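Subject: Structure for your review

Dear colleague,

I am passing on the structure below, and my notes on it follow. Please read them with the coordinates open beside you.

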Amino acid sequence: MSNSPQKPDRFEQARLEKAEKIRELGFDPYGQRFDNHQAIAAVRPLCPEEAGAEGETVRIAARIMGRRKAGKLRFFDAKDATGRIQLLMSRGDMTEQQWELVSALDLGDLVGIDGKLKRTQSGEVSIFVEELTVLCKSLVQPPEKFHGAKDIEMLLRQRYIDLIYNDGVLDRMLQRSKIIDSVRQTLRGQNYVEAETPVLHSVAGGAAARPFTTHHNALDIELYLRIALELHLKRLMVGGVERVYEIGRVFRNEGIDATHNPEFTMIEIYQAYGNYETMMDLTEAIVTDAVKAISDTMVLPWGEEGEGSIDFTSPWPRRKYAELFQEAAGCAMSDTEAVKQIAQSKGIETEGKHPDVIVNDLFEELVEDSLEGPVFVIDYPASICPLTKRKQDDPNIAERFELYVKGMELANAYTELNDPKLQEELFLTQLEGQDEEDSMAKMDTDFIRALKVGMPPSGGLGIGIDRLVMLLTNSRSIRDVIYFPLLRPEGMPAAGEE
RNA sequence: GCCCUUGUAGCUCAAUCGGCAGAGCAACUGACUCUUAAUCAGUAGGUUGAAGGUUCAAGUCCUUCUGGGAGCACCA
């Protein structure tokens, strides 16, 4: 891409001329510090009910969203992060210099306003402007005032346009912040401490996913961006940090769709001397607290208006993996031949695969999408869970649960494996039918060394924060809850050109 | 990666069978002191994503490239 500045279009040219006019009037088109302004949402209720009655003097800072003229009157719609309010500027109430300044205003400009709250004759809450301060001249023509901006590509590449001009976008992102605050608060209340562990890993472990690779120049080594938080947090458990969590970005070099972004936010939580059952209780606490943080009710809408809902009232059902499998497939998951036949009838590749991998493929095909939830699926086949402690009375079953809501996996938790010898063995054992890069079993010798020192028996829990926010804000796409989802860069030269 | 679909003015969208590229909003000039998708009169605004091809004639048909979206695959 060229580094030379873009030639201004006709709109930018006109606005630059207005900026110059503002300078000639003795003002700064890009503004200065503007103290003691009030939130529009706080100011609106102060307006007198009776039309024409003079209310309090207020000061706001806002963006100009709309404009109407009626002779020597100017009505503007102004908006800040909290709400909208109408501004009224009258030729008769302003100095000559201020009136000239009004004529240099455009849609999209940021202004500081001092004036009195008063209702217009039609009853609209308004600020009758006494002093106008230009805080920033906008050089860009805003989208159409009625239909707004709809081009998804533009809205994602220029998310600020989306945030300014599309109602609900900023609100949803602020809800995301509230949800994350709530998660931290719940954990703080139970004496968990937040940790920050490395993003750059020499072994990308803790999950089954393709990593991004990068390179450190001074050490001249290949590094991976982390795909999970697990192995470092467990090292902290070894070190005596008994209740620990991290909220952080993880990176997986895989496809992009409505529920997957290459970088996404996970929380992983570890509790010494707990197990997967204590983590189920914690999951319920975290999610229900988050619901309370953004809603007055435990039943949240899902889908189009009136189409559906999610009832987060706890406790949530806990269903055994094997039972759900049997109900859906009509055979026991230990019946290897029957499982294979059903899998083949569903078009699932079975050749060379470990029986438990086939069972899991079938489970995903038959069961997952139908789990409306919230529901805990518990007790997974051990062979697909290499980091999990087995049940004491059945070594084929792992103490693991996944939480499903609306067919989406929201949380995943284990009773953590703390036997270093067994862990080492599981790292070495590739499940048949899995490519090495698809496998979770990547040898991490430093992690084994840590386990030998001794890690308490523990519960571990991971929650996909983006998915939690999606479910709580009725968002069908992960792009609705991430400010800047990954897009292909603009303006790359076509292959073979240049 | 596969397949389908889409890209027209700053924005939202038209353009019939291949036949003069258009509207609304926004902008600009003017009128109007209570509007709120304000109204009224006028003006200007285009490399139809890019390159090539077919044709007397291409926004429209064909090829390649490119950005976006939906689905599939992978995955959480």
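How do the residues of the surface near RNA strand B divide into nonpolar, polar and charged? They comprise 14 nonpolar, 14 polar and 21 charged residues, where Ala, Val, Leu, Ile, Met, Phe, Trp, Tyr, Cys and Pro count as nonpolar, Asp, Glu, Lys and Arg as charged, and the others, Gly among them, as polar.

Before the details, please note that this is a predicted model, in which local features need pLDDT of at least 70 and side-chain atom pairs count only at pLDDT 80 or more, while totals for chains, interfaces and linings use all residues. Residues are numbered from 1 along each chain as its sequence is written, chains are lettered from A and ligands numbered from 1 in the order in which they are written, and side-chain values use heavy atoms, with hydrogens and water left out.

RNA strand B is surrounded by 49 residues, the closest being Ser122, Gln141, Lys145, His260 and Arg488; a residue is near the strand if one of its heavy atoms lies within 4 Å of it.

Turning to charge pairs, a search of the whole structure finds 29 salt bridges, each defined as a side-chain nitrogen of Lys or Arg within 4 Å of a carboxyl oxygen of Asp or Glu. In one of them, Asp114 pairs with Arg59, with the closest N and O atoms 2.9 Å apart. This pair links distant parts of the chain, since Asp114 is in strand 4 (residues 110–119) and Arg59 is in strand 1, 55 residues apart. Asp114 is buried, because its relative accessible area is 16%, whereas Arg59, at 24%, is partly exposed; buried means under 20%, exposed over 50% and partly exposed in between, with a 1.4 Å probe and protein chains only.

Glu327 also forms a salt bridge, with Arg319, the closest N and O atoms being 2.6 Å apart.

Best regards

Technical notes:
Helices (H or I, at least four residues) and strands (E, at least two) are DSSP runs, numbered from the N terminus.
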